Amino acid sequence: MLRVGSVPYLVGRPLDEGLEREPGVRLERRVPAELVARLRAGELDVALVSSIELFRAPGYRYLDGLGVAGEGHVASVQVFLRRDIEDVRTVALDPASRAAATLVRVLFERRLGGDAGLPRNGVAWAEVAGGGDPRAVAADAWLRIGDPALREYLAADAPPVFNPSAEWTSRTGLPFVFAAWIVRAGVDLAPEHLAAFARARGLGRERIDALAAEAARTWNLAEADCRRYLRDECLYEPGARMRPSLLRFRDEAAAIGLARADCTPEPVEFAHVA
């Protein structure tokens, strides 16, 4: 039995749709930080988890060409602003995602080629305890991810935002991979397991419109907004650009002590319908 973990967010459905019905697969859904803990503890074999985890422990592999990525604005990962971005001095970080939190720190601390549109001075980071709401922190801005961020961003009274994915692509020319199917060290995936992941992606691709309609009904949002998010903003098959994007993220994060520069995880190649 392959123990697989995925996120409880809309963004993961186009990759994990139907996996719970695959023979030989046991699927559970938790927030990314919890998935990381279970992967490290050996309680999961594969998890759709924050990409930064690839560079925090040796021995990981990842499914090549599939992930939760963005090449431009992604509405479910936002830094909400209480003041102009240039005047931000403190940022509260959502505890649910380590990749998004690391990305924001990389963008603010590394600058990646310029200061325009970023805080003028150094930023202090407020780490919110697990399960906490970053909005409750008395900070100039807060990072939020997942379905709560999507709903907050699409609300009529939404505050202004800084979008990390759009900034990364603008400054590097690469997509940003928020999450990948990470394979724990020592786990060998059988052909039938790889076929299950390929079928899940195929089914998810086919059901994009149905997933968007379901989300719109559940959250009382416009179906067009949900469809645009899943169809246009989220990039689920970054393909050959996945590896250079991941390695650039590793290098930038390692430069500020948030990743190990000596981790170079190997991709698991497999056939999936493009």
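Predicted model: local features only at pLDDT ≥ 70, side-chain atom pairs only at ≥ 80, totals over all residues.

Student: OK, so is Asp133 buried, exposed or partly exposed?

Tutor: Asp133 is partly exposed, because its relative accessibility is 29%.

Student: And what does the side chain of Asp133 meet in a salt bridge?

Tutor: The side chain of Arg135, at 2.7 Å from N to O. A salt bridge here is a side-chain nitrogen of Lys or Arg within 4 Å of a carboxyl oxygen of Asp or Glu. Arg135 is partly exposed too, at 36%.

Student: How many salt bridges does the structure hold?

Tutor: It holds 30. Another one joins Arg250 and Asp251 at 2.9 Å. Arg250 is buried with a relative accessible area of 10%, whereas Asp251 is partly exposed at 40%.

Student: Which residues are linked in a network of salt bridges?

Tutor: Glu28, Arg30, Glu34, Arg38 and Glu43 make up one such network. Within it, the closest N and O atoms of Arg30 and Glu28 are 2.6 Å apart. Glu28 counts as buried at 17% relative accessibility, but Arg30 is partly exposed at 31%.

Student: Switching topic: tell me about helix α7. How far apart are its end C-alpha atoms?

Tutor: They are 16 Å apart. Helices are DSSP runs of H or I with at least four residues, strands are runs of E with at least two, and both are numbered from the N terminus. The expected span of a helix is 1.5 Å times one less than its number of residues. Helix α7 has 12 residues, 208-219, so it should span 16 Å, and that agrees with the model.

Student: Which residues of α7 are buried?

Tutor: Ile208, Leu211, Ala212, Ala213, Ala215, Ala216 and Trp219. As background, an α-helix has 3.6 residues a turn, so residues three or four places apart point the same way.

Student: What covers the buried residues of α7?

Tutor: The cover includes α1 (13-16), α4 (146-154), α6 (191-206) and α8 (223-233). Just after α7, Asn220 takes a positive phi of about 60°.

Student: Now the aromatics. How many aromatic pairs are there?

Tutor: There are 8. Rings of Phe, Tyr and Trp (its six-membered ring) pair if their centres lie within 6.5 Å; planes under 30 degrees apart count as stacked, over 60 as edge-to-face and the rest as tilted. Phe176 and Phe178 have ring centres 4.8 Å apart and planes at 70°, so they are edge-to-face. Both are buried: Phe176 is at 1% and Phe178 at 9%. Ring pairs also link Trp168, Phe176, Phe178 and Phe249 into a cluster.

Student: What does Ser50 touch?

Tutor: Phe178 is one of its contacts, and others include Pro32, Ser97, Arg98 and Ile182, leaving aside residues up to four places away in sequence. Contact means heavy atoms within 4.5 Å. Ser50 is in strand β3 (residues 46-50) and is buried, with 2% relative accessibility.

Student: And Arg40, where is that found?

Tutor: In helix α2, residues 32-40. Arg40 is partly exposed at 48%, and its contacts beyond four places in sequence are Glu53, Arg56, Tyr60 and Arg98.

Student: Last one: how many residues are in the largest nonpolar core?

Tutor: It has 92 residues, and Val4, Leu63, Phe108, Leu143, Trp168, Trp181 and Tyr229 have the most contacts inside it. A nonpolar core is a set of buried Ala, Val, Leu, Ile, Met, Phe, Trp, Tyr and Cys residues joined through side-chain atoms within 4.5 Å. Apart from that core lies another of 6 residues, among them Phe80, Ala139, Trp142 and Ala149.

Conventions: Residues numbered from 1 in each chain as written. Heavy atoms only, no water. Buried < 20%, exposed > 50% of the residue type's maximum accessible area, 1.4 Å probe, protein only.
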